[in-house]
Amino acid sequence: MALRPGSGADAAAGGAGTTPSPGAAGGTSPADAPVEAISVPNRLWSAEQPEAYGGVPLEDAPTLFLREVEAAGIGRTNDARWSGALEIIPTKADLVLDLIRANSLWPLTSGLACCAIEMMSTATSRNDIDRWGHFPFRASPRQADVLIVAGTLTTKMAGPLLRLWEEMPEPKWCVAMGDCTCSGGRYKRSYSTVQGIDRILPVDVYVPGCPPRPEGLLYGMMKLQQLVKARRGHWSERRLGPTVPEGV
Amino acid sequence: MTTPTRPSLDDPNLTIPVDRAGIFEPIPPARTERQQEFYALRDGEMLLNLGPQHPATHGVLRIVLKLNGEQVVDLDPVIGYLHRGVEKLCENADYHQAICYTDPLEYIASLFCEWSPVIAFEKLLDVQVPRRAEYIRVLAGELNRIASHALYIGFFALDLGGITPILWSFLERDEIVEMLTALTGAQLLFNYFRIGGVNGDLNHDFMSRLGDWMSRAGRQVEAGTALLNENEILVRRARGIGILDHETAFRMAVSGPNLRASGVPLDLRRAHPYSVYPELDFDIPTRSEGDCLARYLLRVDEIKQSLRIIDQCLHQMPDGPVMARLPRLVRPRPGRAYAAIEGPRGLYATYAISDGTDQPFRMRIHDPSFVHLQLLGLLMPGNLVADTMAINASLDPVMGGVDR
Amino acid sequence: MDRALKARLERRFGDRLAGPVRQRHDETEIRIGAGDVPEVLRALHDEPELGFTLLCDLCGVDTGTVMQAVYHLWSETTPDWLRVIADGLPREKPRVPSVTFLWKGAEWLEREAYDMFGIVFEGNRDLRRILMPDDYVGHPLRKDFHLPDDASRSPGGGVRPMESPGRPADAAETTVRRRATAG
Amino acid sequence: MSAVAAYWHRLTIPARILLVGVPVVLVVGAAVTVGLALLAEPLVDFLGANMGLVRFVVAALLIIVVATVPTAFVVIYLELKVIARMNLRVGPDRVGPYGSLMSVVHGLKVLSKEDFTPSGVDVPVFTLAPVAVFLTTVMTLLVVPFAPGLYGQDFNIGLLYLFAVGGLNVVGLMMAGWASYNKYALLGTLRAAAQSISYEIPLTLSVVGVIILAGTMSLNSIVTQQAGSFLDWNAWRQPLGLLIFFIAAIAEANRTPLDMTEADQELVAGFATEYSGMRFGFFFFAEYVNVFVVSALIVVLFFGGWNAPFDWPWPVTLSLDPGALGIGLVFLIGLAPVVGTIVLGLPFWLLSSRISALQALVIGFLLFNLVAVAAVLAWAFISFDWAVGLAWMIGKTFVFVFVFVWMRGTLPRVRVDQLMGFAWKWLLPAALLNIFATAAAVVVIGK
C-alpha cells in the first residue's frame with residue numbers, strides 16, 4: 001500500500017510563536033542550575049572524614065536497635081550459639097564471614113519498573129557495580145543475596161515479590177530503590193500501589209530519587225556493605241519497617 | 001528418609017495455603033471459554049510459568065506456557081503487575097500535573113509519553129506552539145528514539161544469549177541520557193515537554209555533548225551492530241521465527257516498527273504528520289519478511305534515519321521563544337481531543353475529554369506495547385521455549401506502557 | 001478537518017447516526033447506537049471509499065450519566081482521525097457488541113475497558129479482568145470510584161489485606177517469614 | 001526416648017560434639033592401636049607391593065584438596081576479568097590486588113549461605129546430586145598428566161576411563177534436575193541429558209584418530225610420543241579431529257554457545273534453579289573445574305602436553321651437591337639470611353632518611369625471602385624437568401581456558417534443536433571420516 005505524506009492539517013504543527021511567559025514556562029533560562037546540580041562531585045567517600053555522611057564513624061556508632069535487641073533477648077531463638085568461653089569463635093567467624101559477605105552481594109534480577117533501567121545501567125560499563133563484587137545478577141532467588149526492589153510495587157505484584165523474598169536464603173538484604181518503593185512516590189494516591197515496600201518487607205537501605213541515578217544506587221550498596229559489616233550475624237532479629245541502625 | 005508427597009501443580013483443585021503469589025498460584029476457575037480451553041491439559045502437556053519475575057520477560061510480565069516437551073502449544077499472558085492507575089490519577093490532577101504522571105509509562109522512551117498528552121491538551125486549548133519548541137521536541141524525541149532502539153538491540157541479543165551487546169548499547173544509551181539530562185535536568189524521566197512548548201531552551205552543555213556524539217554516532221551504530229549482523233548463530237536463530245504478515249498485522253491493530261517490518265510503510269510521521277515532520281526529509285525503512293530478524297534490522301535502519309532527522313533539526317533550528325503564553329492553571333473549553341504520535345514502539349495516543357474545569361474529565365492513554373503483547377499468543381505456538389524469548393524480545397514490549 | 005469525509009459519512013450512515021457529525025482540528029466524530037456498532041464499523045473497515053483499516057484505540061468513557069465505547073480509526077483516504085462513539089450505554093450493565101471479528105487485536109482493549117468500566121463486550125471470547133487481579137471488585141475508572149484524598153488513610157493503606165502480610169503498626173511482633181506462611 | 005531427646009536439645013553444640021566424639025575417639029583409638037600393633041608388618045608389605053594403589057589414593061586426595069578448588073578460583077577470576085574487559089568494564093578491583101581475591105570471596109560466600117531443601121524435593125537425590133557432579137569432574141583429573149612423572153595414575157586405558165567418568169557427569173545433572181521438583185530444572189536436565197548423549201559420540205570418535213596414531217590409550221604415552229618440536233604435535237596430524245573434539249568439548253563443559261543446561265534467559269538457572277548455598281557452590285566449582293579439565297585434555301591430546309614447543313635444552317644437570325660443603329653448609333644456612341637481610345636492607349636505610357633501621361631490616365628480610373624463593377624456583381625450573389613440563393602444561397591449558405571465556409563473552413546461544421542437528425548431521429560424519437582417513441593414511445604411509 002502506498003501512502004502519500006498528508007498535509008500537516010494539525011493545530012499542533014508550526015505557526016508563529018508568541019513571546020514566552022517565564023511563569024508558564026516553569027522558569028528555566030538556558031544556563032540554569034540543573035546542569036551544575038548534576039555534576040556535583042561526590043566527596044563523601046574520603047575515608048579521613050567519616051562524619052561527612054552524617055554521624056560518627058560506624059565502629060563506635062551506637063547501633064541502638066541491635067544492642068537493645070541483644071540486651072532484651074527478644075528473638076533469641078535457640079539457634080545453637082556457642083556458649084561460654086567458646087563464644088569467641090563464632091564472633092570472630094562472623095567478623096570474617098561478614099567481610100566476605102559484604103564484598104560479594106549478588107543482586108536478584110528483580111526490575112519492576114523505571115528504576116530497573118537505572119539498575120541495569122548501574123551494572124553496565126559506565127558505572128560498573130562489578131567492581132564491588134555485586135555481580136553477576138542471579139536470575140534464581142535461591143542464589144541471590146540482595147533484593148533490589150527497583151520500581152513501583154503494585155498490589156498485584158506484592159505477593160510474588162514477597163515470595164521471591166521468601167525464596168532467598170539467609171543471610172539476605174533488601175534495598176528499596178526509588179521513591180515508589182520508599183514511600184509510594186508519585187503514585188502514592190493510586191488505588192493499586194503499595195505505599196512503600198517496608199509494609200511487606202524488611203528494608204535495609206533506602207535509595208530515594210525518581211529514579212535515583214546509578215551513582216545513587218552505588219552509594220546505597222556501599223551503605224549496605226557498611227551495614228553488613230556493622231551488624232554481625234543478627235539476621236533473625238529483623239522486623240518489618242525500617243531496620244537501619246542510627247549510624248548508617 | 002521419606003520423601004514428601006508431591007502434589008501436581010496442574011491439578012485444578014490444588015490449593016496451597018499461602019498468599020496468592022504468582023508462581024504457585026492454583027489455577028483459577030475458568031471464567032471464559034478461552035480460559036477453559038487453555039487450562040484443559042491433554043496428555044503430555046504441562047504448564048510452565050514464566051515470570052512475573054523472569055530474566056527474559058522485560059519487566060513484570062507473566063506468561064503461562066502450555067508446553068509439549070519443549071514446544072509451546074499455547075500460552076496465556078497475564079499482565080497488570082505494574083498497573084499504577086495512571087489514567088485515574090490524571091483525572092484527579094490538573095493538566096500540567098497529568099504530564100508528570102504519564103511520562104514514567106514508557107521508561108525507556110519517556111519523552112513520547114509526554115508528547116502525545118501535550119499535543120492533545122494543546123488541541124483542547126487551541127494553543128499555537130512556537131516553531132523552535134517544535135524543532136526542539138523533534139530533536140529530543142529522535143534522540144530518545146535512538147536510545148530506545150539501542151536498548152532494543154541490546155536486549156534482543158541478550159535474550160538470545162549474548163551478554164556483550166547489551167553493555168555496548170547501554171554505553172550509547174547512557175551518553176544520550178546524559179545529554180538529555182543536561183537539556184532537561186532530569187534523569188531518565190525527563191519531564192520536559194510542557195503544554196505550549198518545552199521547559200527550557202537548548203543549553204551549551206547539551207549542544208556540546210550532542211556535537212561530539214553526532215560526530216561518531218554513525219560509526220558507533222555500525223560497530224555495535226556488526227557484532228550481531230555477521231553473527232551466524234544469531235541470524236540463524238532469528239530468521240524465520242515469529243513471522244507476521246501484514247494482513248494479520250492489521251487485524252491485530254499492530255503499529256510502528258513491528259508493522260513496518262511486515263512490509264507496510266505506515267509511519268505516523270508521514271501518514272498523519274503531527275509536528276514539523278513535514279518539513280524534514282527522511283525515509284521510512286520497511287522490511288518484507290516480518291520475522292524477528294526483520295524487526296531487529298528495521299530498528300537499526302531507523303536509528304540511521306533518526307540521525308538524519310537530528311542533523312536536519314540542528315541545521316534548520318529557528319530562533320524564537322520555546323513556550324507559548326499560557327496561564328499557570330489552564331481551563332480548556334469542554335471538548336474532546338485525540339492525539340497520536342509515532343513512538344519507537346508504535347502509536348502512542350492520548351484521548352482527553354475536558355469538562356471546562358482545570359482537570360481532564362477523562363484521559364485515555366493508548367500504548368503500543370499493550371497491543372503488541374497480544375502477538376505472543378499468535379506467534380509463539382509451534383516454536384520452542386528458546387524462540388519465545390526471541391519473539392518476546394523482538395516485539396519489544398515495555399511493561400510500564402502495557403500496564404499503565 | 002475533512003469536509004468530504006463528513007459528507008461521505010452522512011451519505012453512508014445517514015439514519016444510523018445519533019447526532020450530527022462533529023469535526024474539530026483533525027478529528028471527525030460520529031455517534032451511533034450500541035446496536036449499530038458491528039455494521040457501521042464493518043462498513044468503515046471494508047468499503048474502499050472509507051477504508052478505515054487501522055484501529056488506533058478502543059476505550060470506554062464514563063460520562064457520569066451514560067457509558068460510551070469509543071473507537072479511533074485511521075484511514076489513508078482522509079487526513080483526519082475518525083472517532084466512533086457508541087453512545088448511551090446504561091451505567092448499570094452496559095453492553096456493546098465486540099469488534100474482535102474485525103480486529104482481533106481489539107480483544108485486550110475490550111478486556112481492559114471491561115476491567116476499568118465494566119462494559120460487557122458481547123462476542124469477546126476472553127472477556128475477563130486483565131489489569132486488576134481476578135478477585136478484584138469494582139471498576140476503578142468509573143466516576144463513582146473515588147480516590148481517597150490522602151492515600152495513607154485509604155482502606156488498607158492502599159494495600160489489599162490479602163497481599164499485605166502486615167501493617168507497620170502491628171508488624172513489630174512477628175517477622176516476615178511467619179506472616180507469609182500464615183497467609 | 002523423649003527424655004533423651006530433651007536432654008540432647010538442652011545441650012550446646014560443643015557439648016553435643018564432645019558427647020558424641022569422646023566415646024568414638026576412645027573406641028577408634030584403641031582399635032587403631034591394636035590394629036597397627038597386629039597389622040603393621042603385612043600392611044607395609046602390602047602397600048609396598050602395590051605402589052600404584054597408594055599413588056592413586058594420594059593423588060586423588062591431593063587433587064581434591066589442592067588442585068581443584070584453587071584452579072576453579074583462578075578460572076573464575078579469569079572469567080570475571082576477561083569478560084569485564086570485553087564489556088568495556090573494569091571488573092572486580094576492590095577485593096585484593098586488582099580484585100584477584102574476588103573469586104575466592106564469591107566462593108566462600110556461596111559456601112557460607114543458608115542451605116535448605118525446598119518442600120517437595122526428593123531429598124536424598126537432591127542432596128547427592130552436587131556431590132556426584134563434583135566428584136565425577138574431579139576424578140577426570142586423575143589421569144591427566146601434568147608433567148613427566150606428575151600424574152595421578154597412568155592407565156593403559158586412560159582415555160576410556162576419562163570418557164567413562166566424564167560421562168557420569170550427566171547423571172549428576174539428571175539427579176539434580178529431577179529431584180528439584182521444578183519445571184525449569186526438569187527442562188534443563190533433559191536438555192543436559194540429550195546434549196551429553198549426542199556429544200559423547202563425536203567426542204569419543206574424534207580421538208580415535210589420535211589413538212590409531214599413538215597405538216595406545218595411555219595419556220602419558222600419547223604425550224611422550226609428541227615430544228620434540230611443535231611440528232610433532234597431533235594438531236598437525238589430526239586437524240579435523242582437533243576441531244571436532246574442541247566443539248564437542250564445549251558441549252561437554254556446558255559452555256556458551258552450547259550451554260543449554262543453564263541458559264539464564266530461558267531456564268532461570270537450569271538444573272541448579274533450586275540449589276542454594278554449598279550445594280550450588282559444588283555446581284559452581286564443578287563447571288569451572290570442568291573447563292580446566294577440558295582445556296587440559298585438548299592440550300594433552302593435540303598440543304603436546306607438557307612438551308615444549310621447540311627443542312628445549314633443559315633440564316641441564318647442575319652439579320650442585322650441598323653435602324660437599326660439609327660444615328660450611330651449617331654456616332651457610334645460619335648466615336645467609338642474616339647477611340642477605342642486612343645487605344638488602346642497607347640501601348633503604350642509607351638512601352632514605354624517613355626509613356628507620358628497623359623498617360629497613362624488615363624490608364630487607366622480605367626482599368631476602370623473595371630472592372630465596374625465586375632462587376629455589378629457578379633452580380627447580382632449570383634442573384628438574386617436571387617443573388619445566390608443569391609450566392608449559394599450565395601455560396598451554398590456560399590459553400584454551402581463555403578461549404572458552406572469550407567465546408562466552410562473544411557468542412550468543414544456539415537453539416537446542418540446532419545443537420542436536422549439528423551434533424548428528426555434521427560432527428558425527430566428520431568424525432567417522434576422520435577415522436577412515438587416519439586409518440587409510442596409517443595403512444598407506446605406515447607409521
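Residues count from 1 along each chain as written, while chains are lettered from A and ligands numbered from 1 in the order written. Local features need pLDDT of at least 70 and side-chain atom pairs 80 or more, but totals for chains, interfaces and linings use all residues.

**Exercise 1.** Work out whether the length of helix α6 (residues 164-184) of chain B fits its residue count.

*Solution.* Helices are DSSP runs of H or I, at least four residues, and strands are E runs of at least two, numbered from the N terminus. The expected span is 1.5 Å times one less than the number of residues. For the 21 residues of α6 that gives 30 Å, and the end C-alpha atoms sit 30 Å apart, so the two agree. Next, check burial: a residue is buried if 20 or more other C-beta atoms (placed from the backbone) lie within 10 Å of its own, exposed if 12 or fewer, and partly exposed in between. By that count, 18 of the 21 residues of α6(B) are buried.

**Exercise 2.** Describe how α12 (residues 292-316) and α15 (residues 385-395) of chain B pack.

*Solution.* Start with geometry, using axes fitted to C-alpha atoms over the stretch in contact and angles from 0 to 180 degrees between N-to-C directions. The angle is about 35°, and the axes are 9 Å apart. Then find the residues in contact, meaning C-beta atoms, placed from the backbone, within 7 Å. C292(B), R295(B) and Y296(B) of α12(B) meet A390(B), I391(B) and S394(B) of α15(B).

**Exercise 3.** Find which elements of chain B touch chain C.

*Solution.* Count first: 41 residues of chain B contact 40 of chain C. The elements of chain B giving two or more residues to that side include α1 (33-39), β6 (335-342), β7 (347-354) and β8 (360-366).

**Exercise 4.** Where is chain C predicted with the lowest confidence, and where with the highest?

*Solution.* pLDDT is the predictor's confidence in each residue, from 0 to 100. Chain C averages 77, with 80% of residues scoring at least 70. Now go element by element: chain C has 4 helices and 7 strands, in the order α-β-β-α-β-β-β-β-α-β-α. Helix α4 (residues 176-182) of chain C is lowest at a mean of 32, and strand β4 (residues 67-74) of chain C is highest at 91. Across residues 150-183 of chain C, pLDDT stays under 50. Of the 183 residues of chain C, 42% count as buried.

Methods
Two residues are in contact if their C-beta atoms, placed from the backbone, lie within 7 Å.
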